[in-house]
Amino acid sequence: METLNDKKINELKIIANNIRKSIVEMLFKAGSGHPAGALGMADIFTFLYFHSLKHDPKNPLWVNRDRLVLSNGHICPVLYASMAHSGYFPLSELDTLRQFGSRLQGHPHREYMPWLENSSGPLGLGLSQAIGMAIADKIYGGTKTIYALLSDGEHDEGNTWEGVMLAAKEKLSNLIVIVDRNHIQISGNTERVMPLGSLMEKYNSFGWFAQEIDGNDFREINNAIHNTKINKVLPSVIIANTIPGKGVKAWENDYKWHGKAPNKIETEMALNELNNLN
Amino acid sequence: MLNQPLKLNTKIFNEDVEKISTRVGFGDGLLKAGSDNENIVALSADLTESTKADLFAERFPERFIQVGVAEQNLASTASGIAAMGKIPFITSYSIFSPGRNWEQIRTTICYNNQPVKIISSHAGLSVGPDGGSHQALEDIAITRVIPNLVVISPCDSIEAKKATLACSKTIDPTYMRLARNDTPIITTEDTPFEIGKAQIFFIPEVGLANVGIIATGPILYKAIIAARELEKKGIKVKVMNLSTIKPLDIKSIVDLAKETKAIVTVEDHQISGGMGSAVAECLAQNYITPIEFVGVKDKFGQSGTPLELEKFYEIDTSNIIEKVEKVLTRKI
């Protein structure tokens, strides 16, 4: 992983902004989907795909690649846009999101897009799959890093906590979980739907190396990922406080943008705002 | 008489026929598969000994993962292991896996199309004294409905071992249902086995059969005993071992229906959605045939000896004979 100087940070900011524009355009064309989480996670996806992830977009199934497991599949527009912008497939294919026969299914499906590590959508399943990958890599002497991206809402699911226990038991220091702590889920604020409290304290008490950061700040993301590499025993979690809808002021922190696509006027407004950031 | 080109156990009609549970055959098979292929991994949800995964766990501790009482995690973790090119076997009881973790099996294993082998003991009423909470009578129904998933229900310990080894070599997600109790050995080491292939184990002394019994799992033994009783009454019977429920061996089932024009299905499972339902779907589409079903009739189980339960829930040899006699009266 190369060092993160100011020049690189500026490059990443531009890429993240382009990914956000793609997300808005995709969702408008699709007519349905989930903008808030996708926009909020654009900086973390940009950091992973354009800085830290060991991968090769021209050889997607390279056996020694790091693995990136997206658990909350509904934010897949940010996944697809990151893949397209980093060269897995042409940007024009993003226009096919959610259409019949598209490789870009409404929620990710490996059968249609084989370069995905996992299919997802139903919540609470990604952590355990990433744990399985980390266990297999450890048993068979690999040197990969397994990244799992989770939402805060899916910590309501029991399966997530079953995985939290197993990862600590198996001492999976090759596992980095990033939790999108944006405080919203489909019915409203996470603390009202089902209070999660301090995820830091919860993960710490389960035996993890836990850090909390501003998930829309590249320097903080970088430091946190760097810190995980020093630790050789514990699984790592980064609680990334993100702003849902980040980049479009009118959508930020409003749970109503969890799962609806923008109309034409809203799309133009959003793209104007994002264009002005470049 | 036994269809001896298949080299079945000639002692099957003896009072002291050898009895071993299908889970024991699985345990031996897993150990062998693990010795043959270092990519085999086994996972347990705190039931290592009673699922017979303990032989593997002791021999290959570095390839054995204990996830605790957490069947949802069991299935989804195995999917991740399979995604790295390994062949994980997950072991539990049928009630919990695929019962508790059905959606994890559906989404992380089958929707992802990962070669996880879901091996579950304690299926059926034959669990006995543990009672209805632990008697899985719905597992065939909920697994055969999932795309990509192969469903196997071996008839004895020897076939369970062969099925374990066979599925360790395929890339298909697979569910195998096993029984707790010791049950008669029906086949021998020399009996051929192939996933997806039904076999006729019992045939008339001469001529064509006038009824076909299709059975799955250890209850096949009762079907064979019933066939011999019926033979004494002059009813010519063929008995099919349908150990692979999905993919269904349509050709063999249709051939049996064409020959006999009357079918009875036999399983230690709910009638609704089970193996008999699969046969009915097949024949309704391919060759209309009267069918009678021996299975559990929309009821939960309870504590008792297997014999008591089989009588009470009407899945005993006498019930098979009754159903054969009934279906003969319904011939078109």
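**Two helices in chain B, and what lies around them**

Author: Let's start with a pair: helix 1 (residues 22-36) of chain B and helix 6 (residues 157-168) of chain B pack at an angle of about 35°, and their axes are 7 Å apart. Axes here are lines fitted to C-alpha atoms, for helices over the stretch in contact, and angles run from 0 to 180 degrees between N-to-C directions. Helices (H or I, at least four residues) and strands (E, at least two) are DSSP runs, numbered from the N terminus. A quick word on the source: this is a predicted model, where local features need pLDDT of at least 70 and side-chain atom pairs count only at pLDDT 80 or more, while totals for chains, interfaces and linings use all residues. Residues are numbered from 1 along each chain as its sequence is written, and chains are lettered from A and ligands numbered from 1 in the order in which they are written.

Back to the pair. Helix 1 of chain B passes helix 6 of chain B in a right-handed crossing (the near helix is turned clockwise from the far one by less than a right angle). On the helix 1 side, the residues that meet helix 6 of chain B include F26(B), L30(B) and A33(B); among those they meet are I158(B), K161(B) and L165(B). Being in contact takes C-beta atoms, placed from the backbone, within 7 Å. By class, this helix contact has seven nonpolar, six polar and three charged residues. Nonpolar covers Ala, Val, Leu, Ile, Met, Phe, Trp, Tyr, Cys and Pro, charged covers Asp, Glu, Lys and Arg, and the others, Gly among them, are polar.

Follow the chain out of helix 1 and you reach N37(B), in the loop between helix 1 and strand 2 (40-44) of chain B. N37(B) is partly exposed, because 13 other C-beta atoms lie within 10 Å. The cut-offs are 20 or more such atoms for buried, 12 or fewer for exposed, and partly exposed in between, with C-beta atoms placed from the backbone. N37(B) is also 9.2 Å from I87(B), C-alpha to C-alpha, though they are 50 residues apart in sequence.

Now zoom out. Chain B is assigned domain 1 (4-16 + 192-329) and domain 2 (19-184), with bounds from an automatic or database domain assignment. Their centres, taken over C-alpha atoms, are 25 Å apart, and each domain gives 33 residues to the contact. On the domain 1 side, elements supplying at least two residues include helix 7 (220-232) and strand 13 (263-270) of chain B. That side divides into 15 nonpolar, 15 polar and three charged residues.

What about the inside? The largest nonpolar core has 181 residues, and I213(B) and A223(B) have the most contacts inside it. Such a core is a set of buried Ala, Val, Leu, Ile, Met, Phe, Trp, Tyr and Cys residues joined through C-beta atoms within 7 Å. Both domains of chain B give residues to this core, so it lies between them. Leaving aside residues up to four places away in sequence, I213(B) touches A223(B), V239(B) and V264(B), among others.

Finally, the partner chain: 22 residues of chain A are in contact with 23 residues of chain B. Helix 5 of chain A gives the most to chain A's side, with ten residues. That side has nine nonpolar, eight polar and five charged residues.

How values were computed:
Two residues are in contact if their C-beta atoms, placed from the backbone, lie within 7 Å.
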